[in-house]
Amino acid sequence: MKQLLHILRYKILSFFVVSFDGSIKTLIKNTAAGAIYTGFAIGMYILTKTILHNLIDVIHLNLFLFHRFVAIILFIFFLSVNAGNILVSISGLFKSKEINYLFTKPIPFANVFLVKFFDNFFYSSSTLFVILFAVVFAYGNFFSLGIGFYFVSVLALFLPFTLIAALLGALLLFFLLWVTRYIGIRYTVLALIGLYIVSVVLFFAGNNPTEQLKNMLHSEAYAMQYFQHLDSPILKSLPNYWVSNSLYWYLKGDMSYVLGYSTLLYTAAALLLIINYSIAKKYYYKAYIMASELRLFREDSSGQSKPIISFEKRFKANSVYRFLLKKELALFFRDPSQVLQLSFMIVLIILFASSITGKPHDIFISLNPFLQTAIYLVFILFNAFFMSSLALRFIFPHQGLEGEAYWKILSAPVNKQKLLTIKFLFYFAGILILSQGLNYFSHRKFSTELLIFSTILTGFISFTVCAVNYGFGIYYANYKERNPIRAASSQGASAAFLICLLYLGIIIAIMFKPLYHYFITTGNLKLFVSAWYFWEELGVVFIISCILSAFTGALGYRQSKKDFLP
């Protein structure tokens, strides 16, 4: 235990020494990041209170059904923490320089595992915690709950809940490394993706809010406003239901249920921690050796790694563009975690696109204009959120991945502005194709006017989120960090992501009123609306997008001209 506390003490000290070195540049960066975090938290607080007001006060949604929607959101939050912890742990637990250093010291492997696990947990979930705290504060303020609610919700409910998600991720990573020995990394990645798909499909198959609403209306308990007997027995055993039920009973004033669910959460977290610690005692070093041998590259007859992207093969393009494209692809495929991330996101895109046609769209048509507007904006926001996530994961780390050899590019007789522009266009083209594809499939059942509107809006958003992450990726570049996942979880990456979310929040605020009038006009009044109905709002979005893109682009370009100090 003394060793563990000693390591934790110096990790905390090193964090403050590195983060607050006293330089003006660091002070400006930290101040800007703090302002972004604060602004985002305030924006999330206002957004949450607005949503609660519309659902509870305007629509008069039943509290029980409302907390079933909360359970769905918590399930998505759970999967985000779980998948994020797996991706970060691939590097943090098995491939970081710190692990190589600690393994040369007389420290038990299990203690090293604990230190790095909690390091990865807080490192990868910092942005999610900002969102969580803002939402919890808005929830407590809306329902006029006392200060005790915030301590109970954060310490007794959400802390063990997020720990369960992270510990399951670490446990699953151990299992995946063991499986990789027998079936290879490619099939292991496919199996992991299949597991997440099955989890999502089974969850929503047993938790259909529309069916629950129909059952509630015919239930004898409707007057009592309590319908827990309608829940699936399997879903009742999931941690997200324990948290949502605790919130429901806290509002009802029954603390015995809150205490019971909190005990369940901490018991599950403690069991998972003990299991992970026991496995780390025996297998952590073996897993470390196995992880160091993982390859996404094929081996030739001599046993040498054969890269998927070869610079000898001919490519039908200008020679400069050809080698730039191949270099970026080689940087992408160099780390297996990049392929894993992209696979996850593409699967989620496919699941989303396939889930909003057919019966869900028929239900959408039958709703009132206010709900239609809210749900349609969720579609837009979901697409935009995916664009932001893709840009954060794959565009932000681009500059740092050049490594300490970046001096070769700076010393070469090339036009650096043109070079940066070409690289940006490569990334932007990929994000734009994926986002427009998702936009088309999610709008197949909507009118032509909405499809044209969303296509233009998606183009603006794609360009802006790419520009923000590209510019911030250059400004906050860490040339010593070869792992793209850790680079995309840094303070600069979080600042870029929060700016993108604030930008999306502004767009939602601008578009709500015209979309609401559109659904009233086309729905209740049955009138025809031109595709140029939204041109004024699109013009405002275009101006905001240009200003934000120009600012972040100039920030990155100015930084790229400075001396190279890796």
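**The whole chain**

Of the 566 residues in the chain, 48% are buried, where buried means under 20% relative accessible area, exposed over 50% and partly exposed in between, with a 1.4 Å probe and protein chains only. This is a predicted model, in which local features need pLDDT of at least 70 and side-chain atom pairs count only at pLDDT 80 or more, while totals for chains, interfaces and linings use all residues. Residues are numbered from 1 along each chain as its sequence is written, and side-chain values use heavy atoms, with hydrogens and water left out.

Colour by secondary structure: the chain has 20 helices and two strands. These are DSSP runs numbered from the N terminus, helices being H or I of at least four residues and strands E of at least two. Among contacts (heavy atoms within 4.5 Å) with a separation of 6 or more, 80% join residues 24 or more positions apart.

**Selection: residues 109-124**

Select helix α5 (residues 109-124), in which aspartate 119 and lysine 116 both lie, three residues apart, about one turn of the helix. Their side chains meet in a salt bridge, at 3.1 Å from N to O. The term requires a side-chain nitrogen of Lys or Arg within 4 Å of a carboxyl oxygen of Asp or Glu. The structure holds one salt bridge.

Are the two partners buried or exposed? Aspartate 119 counts as buried because its relative accessibility is 18%, and lysine 116 counts as buried because its value is 1%.

**Selection: residues 369-394 and 448-475**

Next, display helix α14 (residues 369-394) with helix α17 (residues 448-475); their axes come within 9 Å and cross at roughly 30 degrees. Axes are lines fitted to C-alpha atoms, for helices over the stretch in contact, and angles run from 0 to 180 degrees between N-to-C directions. The two helices are therefore roughly parallel to each other, a class for angles under 35 degrees.

Show side chains at the contact.

Terms used
Parallel < 35°, antiparallel > 145°, perpendicular 65-115°, else oblique.
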